[in-house]
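This report walks through selected local features of one protein model. Please keep the sequence and the 3D view open while reading.

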Amino acid sequence: MSTNAALARRFEQMATILELLGEDKFRVNAHARAARTIENLTQDVGAIAADRDALLALDGVGPKVADKIQEFATTGKIKEHAELLARIPAGLLQVLDVPGLGPKTAKALWETLNVESLADLKRVIADRSILTVPRMGEKAAQKIASAIEIAEQGAARLPLGQAMPIAVAIVERMLKVPGVANAAFAGSLRRGKETVGDIDILATAADPAKAHDAFCKMRGVRQVIVSGESKSSVRMAIDLDAASDADRDIAATSSADSPTAEAASPTAATSERTIQVDLRVVPEASWGAALMYFTGSKEHNVRLRERALKAGRSLNEYGLYPNDDDPAPPHKRGIKPIAGASEEEVYKAFSLPVIAPELREDRGEIDAAQRNTLPRLIELGDIKAELHAHTTASDGALSIEQLTGEAKRRGFHTIAVTDHSKSSVIANGLQPDRLREHAKAVRRAAAATKGITILVGAEVDILADGSLDYDDDTLALLDVVVASPHVALSQDAKTATKRLLKAIEHPRVNILGHPTGRLIGRRAGLEPAMDEIIAAAMQHDVALEINAHWMRLDLRDTHVRAAVEAGCLIAIDCDVHAPTDYDNLGYGVLTARRGWLTAEQCVNCWDHNRLHDWLATKR
Ligand SMILES: [Zn+2]
Ligand SMILES: [Zn+2]
């Protein structure tokens with residue numbers, strides 16, 4: 001767990017509880033500000049905690065906050081945090097985690113209706129007594145009810161961006177266990193699905209018992225479900241502190257645009273969340289077959305087994321064998337597999353090229369492999385431009401220089417600065433006069449920076465009726481326009497389609513940002529007629545965005561596939577608000593690969609001149 005994330009989470013909780021308790025607004029703000037500062041720090045706060053002057057030099061850190069940082073760095077606790085937690089019912093934190101419900105509402109619910117837990121909240125929604133709370137209307141109550149529902153459905157599955165770091169860390173640790181030669185994660189995580197139910201780890205080891213023992217004793221294991229010869233299952237703590245930093249009020253901030261801040265689950269705060277992790281130690285000779293077996297979707301595996309049977313063979317997790325109709329499994333009879341040691345070997349025995357894990361869903365990949373028409377899928381290294389990024393001018397944490405410096409460090413040839421437009425009030429969207437000043441500052445930075453092209457852009461709100469949030473004179477200032485929906489995200493499908501089509505048809509729009517506005521496990525978002533959206537995007541030369549944030553992944557995989565088949569252009573953007581947001585690019589690329597995207601069809605992969613020529617056609 002990063003110290004920064006854990007500490008930021010505590011400050012944010014203190015701010016929320018202080019606000020709920022009706023404490024001095026100055027204190028509330030001081031804690032909230034400290035949380036943001038710590039969250040956005042580029043260095044580890046633990047490393048500088050001993051240096052009081054360095055702490056005090058940080059924006060938003062006064063003597064009292066510095067005390068608490070030092071207390072946390074030395075003891076791992078903050079006394080005030082514990083005292084504040086003790087002042088509210090434990091279940092109330094769950095209520096505070098519900099999207100659309102801020103501290104003020106939680107306080108009113110607690111004081112007037114005795115709502116002290118999620119169960120209480122559901123009760124007052126069901127008996128409609130929630131409507132007696134000041135400023136609580138039918139619509140707001142409905143929104144809270146559906147937020148609870150979405151969260152409860154999603155609670156059993158973990159978002160890709162939370163599961164991946166856990167799996168990567170486990171694999172790293174397994175590879176350090178003496179005698180372990182191979183370790184990898186498989187399952188839906190390896191296929192890059194947007195959420196996963198559990199984590200599957202495979203390994204080969206000289207001493208399997210030792211590998212299982214090390215696995216069951218790993219840091220973070222909360223419960224050992226099974227510990228056997230070939231398989232162990234444990235429940236592993238999910239590092240919530242690293243995954244979420246604030247319990248913001250989506251209803252109040254529906255135009256604010258950093259989903260990270262909204263990532264906490266309503267069930268998260270009081271009971272620690274865990275995920276099941278399975279380890280299977282397999283023989284070296286079966287490594288490839290096991291990887292295939294535990295990676296492919298059920299349907300993909302069924303198709304492969306059918307194919308094997310047709311060829312007089314049988315396929316299981318130990319390998320591809322001659323089919324001899326003996327009911328006892330061949331590996332138990334000491335029969336040598338035809339193939340099994342590597343995935344390449346097994347696919348080769350099928351006379352197929354290796355099918356990328358992201359494609360193993362039985363969506364035509366086996367036929368395509370047979371016809372040798374599998375696409376050359378996009379890779380992380382193909383991406384050379386970031387076209388959707390925010391600075392401190394709106395709701396980003398980075399200055400223009402920090403944002404563009406980070407893009408340059410990552411080897412991009414182009415970065416577009418696209419802060420929010422005027423209607424995104426809570427995201428500190430820019431009024432036209434502020435945009436003009438901001439554009440000048442970006443142009444100055446562009447002139448002073450070598451080695452990367454810095455573009456003046458904006459993420460312009462698509463208003464509820466489909467019109468854009470800036471007039472044409474203002475849009476004329478911009479090199480690139482990302483048009484995105486942020487409000488009215490529960491519109492019916494027909495209205496949503498009309499709205500997005502109108503935005504796509506606007507002659508200045510280059511990219512349709514996070515087209516549906518969904519948040520995985522939190523908010524369904526718009527459900528437009530995607531075929532119409534894709535057709536219009538092609539006609540008007542607009543790229544549809546895959547927003548790479550793991551809470552969004554919007555477009556989703558199936559929509560990407562439809563767009564790719566139609567020949568529509570795709571953009572993959574990190575929607576950068578903080579420096580680490582660039583790291584989400586991998587999740588966007590996984591989603592793109594699940595949609596069969598090639599680098600050719602992705603504007604972020606084009607070379608400098610091609611990208612700039614394309615953008616210039618709308619100027
Ligand atoms: Zn946005
Ligand atoms: Zn954005």
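## Helix α25 and its cover

Buried residues of α25 are Leu585, Tyr587, Gly588, Val589, Leu590, Thr591, Ala592, Arg593 and Arg594. Buried means under 20% relative accessible area, exposed means over 50%, and partly exposed lies in between (1.4 Å probe, protein chains only). Helix α25 spans residues 585-594, and nine of its ten residues are buried. Helices (H or I, at least four residues) and strands (E, at least two) are DSSP runs, numbered from the N terminus. The cover over the buried residues of α25 includes α11, β15 (543-547), α24 (557-566) and β16 (570-573). Tryptophan 596 follows α25 and has a positive phi, near 65 degrees.

The model is predicted: local features need pLDDT of at least 70, side-chain atom pairs count only at pLDDT 80 or more, and totals for chains, interfaces and linings use all residues. Residues are numbered from 1 along each chain as its sequence is written, chains are lettered from A and ligands numbered from 1 in the order in which they are written, and side-chain values use heavy atoms, with hydrogens and water left out.

## Domains

Four domains divide the protein: domain 1 (3-155), domain 2 (158-238 + 273-281), domain 3 (296-370) and domain 4 (380-616). These bounds come from an automatic or database domain assignment. The C-alpha centres of domain 1 and domain 2 are 32 Å apart.

## Nonpolar cores

The largest nonpolar core has 63 residues; Ile378, Leu544 and Ile572 touch the most other members. A nonpolar core is a set of buried Ala, Val, Leu, Ile, Met, Phe, Trp, Tyr and Cys residues joined through side-chain atoms within 4.5 Å. Another core lies apart from it, with 52 residues that include Ile48, Leu92, Ala106 and Ile130.

What does isoleucine 572 touch, not counting residues up to four places away in sequence? Its partners are Ile378, Ile383, Ile546, Ala548, Leu585, Gly588, Val589, Ala592, Leu597, Cys602 and Asn604. Contact means heavy atoms within 4.5 Å.

Methionine 164 sits in helix α11 (residues 160-175). Its relative accessible area is 13%, so methionine 164 is buried. Leaving aside neighbours within four places in sequence, its contacts are Phe185, Leu189, Tyr587 and Leu590. Arginine 128 is 36 residues from methionine 164 in sequence and 41 Å away in space, C-alpha to C-alpha.

Alanine 32 belongs to helix α2 (residues 25-40). With a relative accessible area of 14%, alanine 32 is buried. Not counting residues up to four places away in sequence, alanine 32 touches Glu12 and Ala15. Its C-alpha is 37 Å from that of glycine 451, 419 residues apart along the chain.

## Serine 421

Is serine 421 buried or exposed? Serine 421 is buried, because its relative accessibility is 0%. The residue lies in the loop between β11 (414-420) and α20 (432-448).

A polar side-chain atom of serine 421 is 2.9 Å from the backbone nitrogen of aspartate 461. Neighbours within four places in sequence aside, serine 421 contacts Gly429, Leu430, Glu459, Val460, Asp461, Asp469 and Tyr470.

## Aromatic rings

There are three aromatic pairs. Tyrosine 293 and phenylalanine 294 form one of them, edge-to-face, at 4.9 Å centre to centre and 75 degrees between the planes. Rings of Phe, Tyr and Trp (its six-membered ring) pair if their centres lie within 6.5 Å; planes under 30 degrees apart count as stacked, over 60 as edge-to-face and the rest as tilted. Tyrosine 293 is partly exposed at 32% relative accessible area, whereas phenylalanine 294 is buried at 15%. Tryptophan 606 and tryptophan 614 also pair edge-to-face, at 5.8 Å centre to centre and 85 degrees between the planes. Both tryptophan 606 and tryptophan 614 are buried.

Two arginines sit over rings. Arginine 610 has its charged end over the ring of tryptophan 606, 4.0 Å from the centre. Arginine 561 lies over the face of tryptophan 596, 3.8 Å from the ring centre. The criterion: NZ of Lys or CZ of Arg within 6 Å of the ring centre and within 35 degrees of the ring normal.

## Backbone geometry in two loops

The loop between β15 and α24 holds leucine 553 and leucine 555. A cis peptide bond joins aspartate 554 to leucine 555, with omega about 5 degrees. Leucine 553 has a positive phi, near 40 degrees, and is buried at 0% relative accessible area.

Aspartate 575 is in the loop between β16 and α25. Its phi is positive too, near 50 degrees. Aspartate 575 is buried, with a relative accessible area of 3%.

Conventions. A polar contact is a pair of N or O atoms within 3.5 Å; within protein, one must be able to donate a hydrogen and the other to accept it, and residues adjacent in sequence count only if both atoms are side-chain atoms.
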